[in-house]
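Here is a short report on one protein. It starts with the whole chain and then turns to two residues.

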Amino acid sequence: MSSDSTSESLDEMRARNAAAPVPLEEMLALNRRVIEEFRANDGRVTGMFANEPLLLLTTTGAKSGQKRTNPLVHTLDRDRVVIIASFGGAPKHPAWFLNIRANPEVTIELPGETFTSKAIIPEGEERQRIYDQHAAEMPRFAEYRAMTAREIPVVVIPRP
């Protein structure tokens, strides 16, 4: 997986195992399997991603212009979808976040629902409030915050 996702995404594995990174082909293959399983089973997946609140995020590549889809965990802030660009606490942002920053129009696939929206990157107090709320629901995000000096971005996607 090339994104932030569940209890430990492949990006998180790569960040954690910098000395022995997960091969790119392995990450891409897992990403494809999770996406296929998600779409075939109305958002339900098995394995290490079972019982996680998954969505599929499709962005437009900042450099390539190509569509990229990543499975990610999410929470809600009122009726808005929240994703966090933690990259497993790594010192850099995940590629999907850079794509959103360059091209905020995204497609979200949730169980039983697909929509296109313009992603918002909140700052200041709103960012902090949403991050804290997300970390309260998924404590590993508090751990990621402690692992990096960068401010981990929050992305909010309003439903149309």
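The protein exposes about 7900 Å², an area from the Shrake-Rupley method with a 1.4 Å probe, for which only the protein chains shown count as cover for residues. Carbon and sulfur atoms supply 52% of that surface. The model is predicted: local features need pLDDT of at least 70, side-chain atom pairs count only at pLDDT 80 or more, and totals for chains, interfaces and linings use all residues. Residues are numbered from 1 along each chain as its sequence is written, and side-chain values use heavy atoms, with hydrogens and water left out.

The protein has 5 helices and 7 strands (DSSP runs numbered from the N terminus: helices are H or I with at least four residues, strands are E with at least two). Their order is α-α-β-β-β-β-α-β-β-α-α-β. Of 160 residues, 48% are buried (under 20% relative accessible area, 1.4 Å probe, protein chains only). Take contacts (heavy atoms within 4.5 Å) between residues at least 6 apart in sequence: 64% join residues at least 24 apart.

| Residue | Strand | Relative accessible area |
|---|---|---|
| T58 | strand 1 (residues 54–60) | 12% |
| V156 | strand 7 (residues 154–157) | 1% |

The T58 side chain makes a polar contact with the T69 side chain at 2.8 Å (N or O atoms within 3.5 Å, one able to donate a hydrogen and the other to accept it; residues adjacent in sequence count only if both atoms are side-chain atoms). Beyond four places in sequence, T58 also touches residues including E105, V106 and T107.

Which residue is 76 residues from V156 in sequence? R80 is, with C-alpha atoms 6.3 Å apart in space.

Key: Buried < 20%, exposed > 50% of the residue type's maximum accessible area, 1.4 Å probe, protein only.
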